[in-house]
Amino acid sequence: MKPTLRSPGSFRALLTTVLAMTKRRRAHAPFASGLLAAGLILAGSAALLHVSHTPLIAEARAADTATTSAPGGAADTRPDIVKRGEYLARAGDCVACHTAPRGKLFAGGLAMETPFGTLYSPNITPDAQYGIGTWSQDAFFKMMRTGRTPDGTLIYPAMPIAQYTKVTREDSDAIFAYLRTVTPVREPNHKHTLRFPFNQRNLLYGWRTLYFREGEFQPDPTKSVEWNRGAYLVEGLGHCTMCHTKINMLGGSSQSEQFAGGLIPVQNWYAPSLTSDKDGGLGDWSTKDIVDLLQAGISDRGAVYGPMAEVTYHSLQYMTEDDIKAMAVYLKSLPDKSGRKTGPSAPTNTNVFALGEKIYADKCAICHGEKGEGKLQHYPPLAGNQSIEMDSSVNPIRIVLNGGFPPGTMRNPEPYGMPPFGQELNDTDAAAVVTYIRTAWGNHGQPVTSRDVNALRNAPLH
Amino acid sequence: MHRRTIGSSVLLVLYVMWSGVALAATDASSAMPSAMDERVRACTSCHGVQGQGLNNDYFPRIAGKPAEYLFNQLTAFRDGGRTYPPMGYLLAFLPDDYLRKISQYFADLQPPYPNADQSAVAPAVLAAGQRLVTQGDPARKIPACIACHGARMTGTQPGIPGLLGLHASYIAGQMGTWRSGTRHALAPDCMHSIAVKLSDKDITAVSSWLARQPRPADPRPAPASGERLPLACGSQPQ
């Protein structure tokens, strides 16, 4: 069925778009906000008409159960629990959004710009007036499970509420205990400056009906304990799906496309598929390579870059070997079994290929090797690299234009940086060299055009 | 004396032997170069292999500036005190310890200066620039540049940068951003206080004169001084 703006799918996609747009600090929205806005209104109205109250009742029940079974409202701040909570807060990458650049830890205030206005992350320090100092651990858990603040206000899905709902009571309590111990900051929250009608939180009922499934992570008894631990971290606190699930402006963000990858709107980086080895899946990676990539930021197969560098920097580098390995085991199990791309490389214009080959020899081979073999692990191989071969040419083009350092991590504290080439290569040259690396050495990428390159020159850099 | 010479020779021989061993070990253990010049290719492709800057107002000389000054700039780009997206993007996920090492690496380099600016500027403008740099303008409470940036204008340890070897338009651009408040330093932001008192004419005069000055015999920043600065600067705590 051709998706329409009125379909529930499109509504979810649009809200997912909002959510993804707001994921990243200082996100800008330089594109078709009018279309999105119109779509959101239409879809929102349609969805509101069909809202069932069942999920709300279910939420209330879950919250009641939690309250009655809870050991009490005060946080248990014994050191080992606080330490565990700090670790889990890292796993959830709370700091990335709840701390502004040069701001105080967890005092919020990070501006998240969207086509609908600006959202500001709240202060989650234990300050009684401006933070969450008056919250009980029950209230905190209820927020994590139901996506509502203690007074019942619906939380905008810039907060990964659809993922955090999977977090266990025990883990939620530990995170709360940790947050009780950070320095209280007396800084009021910024008011969101969303435009009408996006400032109407009731619109979120529609989103929640379609997208929010309240409930703790349910282990798959047919899988190993390790796999289930990985699934819990990836699907819950890690909230990987916020970027790695396809977002289609005109609908089509179905559950079956979970982790199938997609362009991250506004940021203009392509989050690779985690379900197809043809487009970024990790099925044929060794567990060690996945662990290295996530934890150190570099591996024998490639390095993290773009928004993923932030995830490794703030979150994954701090994860234990066991947890990272569990995530790797789960991620490795996600791809379908159809394997990598095969067959001959795509034909290219001979002149373009020759120009690209010359530029490559001149500027790239010194680090990435004459045959794209790289120098492990600091200079990633380009031959057989899924980031280069992906259907979307966004990432290889942007890496050539913008360069980048992998994140400085405990395992790789002094990373080697890739120079930006945007200032020395014109669109034709950049397109030629990207075409070359996508089609040389048996690579299976498609050629790119100078127009593709030009379109990404203004991609936001944060 | 004689004994010391023998001692030095022994040390030298040992050093040469050790170097040989070290080199051999490097060759055998890993093909990966570990030197800083390899790590900072992302910096030197724009700022020059020696950090000397390119013939382009966007990519200034960074070599030889005090390490603490460079570190303050890197963290400002990373955390928001200075806004230049390509720099902020590159530095976003680099920890302080590494940024200090990068700063020290470029602080220790002293490549030659570019050729001094030869463009035609009226002598009166240059004279006004020289006056502001060397004497300031007491009537307007503008201190002389050299009061903080050193008599040789090569900066002062630990946090004040040199003013030479830069393009006139780069200097003027920075003073413009200090004045408009888009470039910040650690509070109190003394350069902002000064820049708001400068007219466009002042900025042209100062930047034109500075860009014409030759490399001094000693291009290193002046050592930290106990002398009180004309106004308080967060980057140079006293």
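Analyst: The model is predicted. H10 spans residues 225–235 of chain A and H14 spans residues 321–333 of chain A; their axes are 7 Å apart and at an angle of about 90°. H10(A) is therefore roughly perpendicular to H14(A).

Leaving aside residues up to four places away in sequence, Met327(A) touches Gly230(A), Leu233(A), Val234(A) and Leu294(A). The largest nonpolar core has 129 residues, and Met327(A), Leu331(A), Ile397(A) and Val433(A) are the ones that touch the most other members. Another core, of 25 residues, lies apart from the largest one and includes Cys145(B), Ala172(B), Trp178(B) and Val206(B). In soluble globular proteins, nonpolar side chains tend to be buried together.

The next element to consider is H12(A), residues 287–296, which is mostly covered, with seven of its ten residues buried. H12(A) is followed by Gly297(A), with a positive phi near 90°.

Elsewhere in chain A, several loop residues have backbone geometry worth noting. Most residues other than glycine have a negative phi, and most peptide bonds are trans. Asp93(A), which is not a glycine, has a positive phi of about 55°. Asp93(A) is in the loop between helix H4 (79–91) and helix H5 (94–98) of chain A, and counts as buried because 20 other C-beta atoms lie within 10 Å. Trp441(A), also a residue other than glycine, has a positive phi near 55°. The loop that holds Trp441(A) runs between helix H18 (427–439) and helix H19 (450–456) of chain A; with 18 other C-beta atoms within 10 Å, Trp441(A) is partly exposed. The bond from Leu376(A) to Gln377(A) is a cis peptide, with omega near -5°, and Gln377(A) sits in the loop between helix H15 (350–368) and helix H16 (386–389) of chain A.

Gln129(A) occupies the loop between strand E2 (117–120) and helix H6 (137–146) of chain A. It has 11 C-beta neighbours inside 10 Å and so counts as exposed. Its C-alpha atom is 8.0 Å from that of Pro188(A), although the two are 59 residues apart along the chain.

As a whole, chain A has 19 helices and five strands, and 52% of its 462 residues count as buried. Of the contacts in chain A with a separation of 6 or more, 70% are between residues 24 or more positions apart.

Chain B has eleven helices and zero strands, and buried residues make up 38% of its 238 residues. It is divided into domain 1 (35–112) and domain 2 (123–211), whose C-alpha centres lie 21 Å apart. Twelve residues from domain 1 of chain B and 18 residues from domain 2 of chain B take part in the contact between them. The domain 1 side of that contact has three nonpolar, four polar and five charged residues. Ala187(B) and Pro188(B) are joined by a cis peptide bond with omega of about -5°; Pro188(B) lies in the loop between helix H9 (168–180) and helix H10 (190–195) of chain B.

Finally, the two chains meet through 23 residues from chain B and 23 residues from chain A. On the side of chain B, the elements that give two or more residues are helix H2 (36–39), helix H3 (41–47), helix H5 (85–91) and helix H6 (96–107). H5(B) provides the largest share, five residues. By class, this side of chain B has 14 nonpolar, three polar and six charged residues.

Conventions: Residues numbered from 1 in each chain as written. Chains lettered and ligands numbered in written order. Predicted model: local features only at pLDDT ≥ 70, side-chain atom pairs only at ≥ 80, totals over all residues. Axes fitted to C-alpha atoms, helices over the stretch in contact; angles between N-to-C directions. Helix = DSSP H or I, 4+ residues; strand = E, 2+ residues; numbered from the N terminus. Parallel < 35°, antiparallel > 145°, perpendicular 65-115°, else oblique. Domains from an automatic or database assignment. Contact = placed C-beta atoms within 7 Å. Nonpolar A, V, L, I, M, F, W, Y, C, P; charged D, E, K, R; others polar. Buried ≥ 20, exposed ≤ 12 C-beta atoms within 10 Å, placed from the backbone. Core = buried A, V, L, I, M, F, W, Y, C linked by C-beta atoms within 7 Å.
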